[in-house]
Amino acid sequence: MIDTEMMRALAWAAVGCGFTWLMTSAGSAVVFFFRSERKLMHHIFLGFAAGVMIAASVWSLLNPAIEQAEELGQIGWIPAAGGFLLGVAFLVLLDSLLPHLHAGAAEPEGVPSGWKRTTLLVSAVTLHNIPEGMSVGLLFAMAAQNAGAAGDAYLGMAVALAVGIGLQNFPEGAAVSLPLAREGLSRRRAFAMGSLSGIVEPIFGVLVVLVSGWIQPFMPWLLSFAAGAMIYVVVEELIPEAHLGEHSNVGTFGVIAGFVIMMVLDVALG
């Protein structure tokens, strides 16, 4: 039977991750108004997403991981560093196995497959939505598991993280649907596939909450695991793509803007 604490965590995670998916869908709807995006804006949005994920990894994931590890009597840096490296390793493994294609790339990555280019494009974005959903679900689970001021603090961090990821998911949704439209898909299909690329966030967010009761002693490891996975995406994909071509400094400004906004959200709400 699901107790009251679990029900609360599930409701919070469903709403929080549902919001991030809604923002992905809203961004995907841009395809109904435009057939392509300006490269300048694309670089800004990629940089913004990178900045949000960097700040979220530090304030929303690594700091809470260290604090909770110390509360459990553990050495704070061990699960923070260990979980971080495991998260990186997990994404490296997925990146090498899951067939996917980045927008603008000529050849797909991962194991050879017969997937269409459109499917490969969606797969690339879906890949790094997994740790985002996990991180939001983990923080809402921690908010439900802790009472009083600690629970309020975790709830604030969870809300801040959901808002920050939601903000960067809007341009991310457009970055999926617009290339799909250029590949020849109808606007409706491009929108649908762009929207579906974000569905893994509520799925993994809710799954994490469902198993949170069994994994509570390992929560510091899981928080830092999500941080490592997110930083891998930032370094491997977002920042390099944000600095391609001319006027690459706008990508840097996007990173700074995203970092500052996510930091302010986390400190103000957490």
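Me: Is Leu139 buried or exposed?
Reply: Buried. This is a predicted model, and in it Leu139 has 0% relative accessibility.

Me: Which helix is Leu139 in?
Reply: Leu139 sits in helix α4, residues 117-145.

Me: And what does Leu139 contact, leaving aside neighbours within four places in sequence?
Reply: Ser60, Tyr154, Met157, Ala158, Leu161 and Leu223.

Me: How far is Leu139 from Leu238 in space?
Reply: 24 Å, C-alpha to C-alpha. In sequence, Leu139 and Leu238 are 99 residues apart.

Me: Switching to Asp266. Where is it?
Reply: Asp266 lies in helix α9, residues 249-269.

Me: Which side chain of opposite charge is nearest to Asp266?
Reply: Arg8, and it is 19 Å away. Asp266 is buried but has no salt bridge.

Me: What does Asp266 touch, then, not counting residues up to four places away in sequence?
Reply: Trp59, Ser60, Met157 and Ala160. Ser60 and Met157 are also among the contacts of Leu139.

Me: Now Ser177. Buried or exposed?
Reply: Ser177 counts as buried because its relative accessible area is 0%. Ser177 belongs to helix α5, residues 148-182.

Me: What does the side chain of Ser177 reach?
Reply: The backbone oxygen of Ser28, at 3.0 Å. Beyond four places in sequence, Ser177 touches Gly27, Ser28, Val31, Ala190 and Phe191.

Me: Which residues of α1 are buried?
Reply: Among them are Met6, Cys17, Met23, Gly27 and Ser28.

Me: How far apart are the end C-alpha atoms of α1?
Reply: 36 Å. At 1.5 Å a residue, the 25 residues of α1 should span 36 Å, so the two values agree.

Methods. Residues are numbered from 1 along each chain as its sequence is written. This is a predicted model: local features need pLDDT of at least 70, side-chain atom pairs count only at pLDDT 80 or more; totals for chains, interfaces and linings use all residues. Side-chain values use heavy atoms; hydrogens and water are left out. Helices (H or I, at least four residues) and strands (E, at least two) are DSSP runs, numbered from the N terminus. The expected span of a helix is 1.5 Å times one less than its number of residues. Buried means under 20% relative accessible area, exposed over 50%, partly exposed in between (1.4 Å probe, protein chains only). Contact means heavy atoms within 4.5 Å. Lys and Arg count as positive and Asp and Glu as negative; His and the chain ends are not counted. A salt bridge is a side-chain nitrogen of Lys or Arg within 4 Å of a carboxyl oxygen of Asp or Glu. A polar contact is a pair of N or O atoms within 3.5 Å; within protein, one must be able to donate a hydrogen and the other to accept it, and residues adjacent in sequence count only if both atoms are side-chain atoms.
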